[in-house]
Amino acid sequence: TYGDWSSDVCSSDLEAIMSEDDVPDDMKEFIALNAELAKKWPVISEASEHNPDAEQWRDVNFPGIAQQLDQLRATVVLVQFGQMESLAGAEKLPEFVSAFEKLLAQIERGSRRIVLVSPMPFENPKRAPLPDLTRHNADAKRYAEAVREIAARRGLHFVDVFTPLAARAKDAPTLTDDGLHLNERGHEIVADEIAQIGRAHV
């Protein structure tokens, strides 16, 4: 849980670690999720030596994404972002688009075929204490449309998985266990959707 850690951490940590009473209203739904996951995650009770690499940009110790794709000799790249980002709301959509465009500029180097996959809708896990994130689906749809527009603007292939998944019957088997992370069935169905829609374009 969030716990009473505010008095024991330095000021730079306060944005990430806070008392449960200090959690903003728009994030309170995650308190229950945090409590549920805390039962599964290991308890860290001992300090470990500071890793200086943690303060460096990833590209200092790892090749950039374009170089990694070159090393893999990737010819087709599926790129999917937007679901988790949509939790920030529609007002953050311009920032998402800007960041996504910068990422794509790196990936587009070379002769790779790039397929943008829309974000997926959230599901209601229907399992306490996990929150129902489906109230964010209106924003997730906006992010999906933004990805569609980016694909059109940059001449990239686009696969819309949001629409068919959002149209699934409410009594259909769930594709996630927590409302956002795909379970085994979810991976199979989403992969099939991508294959069916993308087969005609790639």
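Reader: What do the numbering and the cut-offs rest on?

Author: Residues are numbered from 1 along each chain as its sequence is written. In this predicted model local features need pLDDT of at least 70, side-chain atom pairs count only at pLDDT 80 or more, totals for chains, interfaces and linings use all residues, and side-chain values use heavy atoms, leaving out hydrogens and water.

Reader: Why is E36 called buried?

Author: Buried means under 20% relative accessible area, exposed over 50% and partly exposed in between, with a 1.4 Å probe and protein chains only. E36 has 12% relative accessibility, so E36 counts as buried. Of the 202 residues of the chain, 34% count as buried.

Reader: What makes R127 a contact of E36?

Author: Contact means heavy atoms within 4.5 Å. Leaving aside neighbours within four places in sequence, E36 is in contact with R127, P129 and L130. E36 itself lies in helix 1 (residues 29-38); helices are DSSP runs of H or I with at least four residues, strands are E runs of at least two, and both are numbered from the N terminus.

Reader: Which residues of helix 3 and helix 4 meet?

Author: From helix 3, I65, A66 and L69 meet L103, Q106 and I107 of helix 4. These residues divide into 5 nonpolar, 1 polar and no charged; Ala, Val, Leu, Ile, Met, Phe, Trp, Tyr, Cys and Pro count as nonpolar, Asp, Glu, Lys and Arg as charged, and the others, Gly among them, as polar.

Reader: How many helices and strands does the chain have?

Author: The chain has 7 helices and 3 strands, in the order α-α-α-β-α-β-α-β-α-α from the N terminus.
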